Amino acid sequence: MKCEDVSKELIAYLDRRSNSAEREEVEAHLIECAACRGRAEEFRKLWNVLDEAPLVEPSLSFDAKVRQRIAAEPRPSWFRWLVPQPRLAFSMALLVALSIWLARLPQENMATVAPNEQQQFEMIKDLGVLENYEVLTKFDALSELPPPAAKPATDQDEQKPDGGA
Amino acid sequence: MVRTDVQLMLDVKGGDDSSFDLLLVKYRRPLVNFLFRMVRDTATAEDLAQEVFLRVYRARKQYSPSAKFTTWIFRIATNLALNSLRDNRHRQLDVSIDEPAQEDEAPLQVPAREMRIDDQMVERDRAEFIRRAIAALPEKQRVAVLLHKYEEMDYSDIAKILECSESALKSLLFRAYETLRVRLAPLVTQPAAGRAEERRPS
């Protein structure tokens, strides 16, 4: 047995808790190794020194305080099963909130879809006008016309191309 | 017939509060001392010991004798002590159970080995020297030493409390006692006058 192996078993050997095989191994090493023998002797002395650490006594009111704290504990009562447990209450609240949210979800979708359909309807209704506008804006012959006279544009003038189409 | 701790606790579970009083009388002193050596403050130690008994009482309905009562109650005490120590460090960096204790007191001044301890050194000073040497151990080593030396618990029970193997516990104890042997060298080599003969051999 080496010194590092003895270190693991030395405490158990000194407090007589090692088995016979371990004890024999440690004893054999201690006979050979003066350093470990010296350390073992100092450990024995150390334990005597540690015994000098004074004990503290619990205060006279210790028991009374414990009993007081126990008395302050909530006692189980017959109607306690009626009171929901915090976790259960939280789970139920979460479930209700989720249900409400899910129930409202389709209505919100309908609300967002409705304007889109309305816009599409308006677009289809004005499709003919839009097509005419596109033809006129790309009509090359119009670019050869002289620029309009410098007079303020009126609503009537602005409506002319549409009216002409 | 003397009832075992487990029997007493089972009686408490059955509604017999007088059995709890017997456990209280039996364990209040070792618990207060263990906690005092852990947290180094008598008021805190008493408060934590009361908390240990309160938790034992609260857990009475769920109690099953799967482990020794001593192991169970000291495990509760150890956890409370370690939490208290961490809380008192004012939310410093996370402290591991294996890290050395952060002493807020002056560093322990270990006299040189060859320095002769004054024969007139009062017991109180020696006790304070010992107390501070133990307090300066890393928390896990401190728990191991306190349960091994002062509570004389089995290795298997201490290992359960510290959640480590028995082999790891033996190494831990060796390191702890080796540290104490060096720190308390002046006392080890110079026992207190008039006390050397009184002390029982360990």
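A residue is called buried when 20 or more other C-beta atoms lie within 10 Å of its own. By that criterion, 11% of the 165 residues of chain A count as buried in this predicted model. For chain B, which has 202 residues, the buried share is 36%.

Both chains are built from helices. Chain A has eight helices and zero strands, and its elements follow the pattern α-α-α-α-α-α-α-α along the sequence. Chain B has nine helices, again with zero strands, and from the N terminus its elements run α-α-α-α-α-α-α-α-α. How far apart in sequence are the residues that meet each other? In chain A, 45% of the contacts between residues at least 6 apart in sequence join residues at least 24 apart. In chain B, residues 24 or more positions apart account for 67% of the contacts with a separation of 6 or more.

The largest nonpolar core holds 68 residues, and the members that touch the most others are L35(B), V52(B), A77(B) and A144(B). Helix 2 of chain B gives the most to this core, contributing ten residues. Each of two domains of chain B, domain 1 (1-95) and domain 2 (114-189), supplies at least three residues to the core. Which residues does A144(B) contact, leaving aside its neighbours within four places in sequence? The partners are I158(B), L162(B), L169(B), L172(B), L173(B) and A176(B).

The two chains also meet each other. In this pairing, 36 residues of chain B are in contact with 32 residues of chain A. On the side of chain B that touches chain A, at least two residues come from each of helix 2, helix 3, helix 5 (123-135), helix 8 (166-183) and helix 9 (185-189). Sorted by class, that side of chain B has 19 nonpolar, five polar and twelve charged residues. For the complex, the predictor gives an ipTM of 0.76 and a pTM of 0.66.

R16(A) is not a glycine, yet its phi is positive, at about 60 degrees. This residue sits in the loop between helix 1 (3-14) and helix 2 (20-32) of chain A. Is R16(A) buried or exposed? R16(A) is exposed, because 8 other C-beta atoms lie within 10 Å and a residue with 12 or fewer counts as exposed. R40(B), also a residue other than glycine, has a positive phi near 60 degrees. R40(B) lies in the loop between helix 2 (17-39) and helix 3 (42-58) of chain B. With 17 C-beta neighbours inside 10 Å, R40(B) counts as partly exposed, because that number falls between the cut-offs of 12 and 20.

Finally, a word on confidence. Chain B averages a pLDDT of 83, and 78% of its residues score at least 70. Two stretches of chain B call for care. Over residues 103-107 of chain B, pLDDT stays under 50, and the model has one contact beyond four places in sequence for them. Residues 196-202 of chain B also stay under 50, with eight contacts beyond four places in sequence. Where pLDDT is low, the predicted coordinates should not be read in detail.

Notes. Residues are numbered from 1 along each chain as its sequence is written. Chains are lettered from A and ligands numbered from 1 in the order in which they are written. This is a predicted model: local features need pLDDT of at least 70, side-chain atom pairs count only at pLDDT 80 or more; totals for chains, interfaces and linings use all residues. Helices (H or I, at least four residues) and strands (E, at least two) are DSSP runs, numbered from the N terminus. A nonpolar core is a set of buried Ala, Val, Leu, Ile, Met, Phe, Trp, Tyr and Cys residues joined through C-beta atoms within 7 Å. Domain bounds come from an automatic or database domain assignment. Two residues are in contact if their C-beta atoms, placed from the backbone, lie within 7 Å. Ala, Val, Leu, Ile, Met, Phe, Trp, Tyr, Cys and Pro count as nonpolar, Asp, Glu, Lys and Arg as charged, and the others, Gly among them, as polar. pLDDT is the predictor's confidence in each residue, from 0 to 100.
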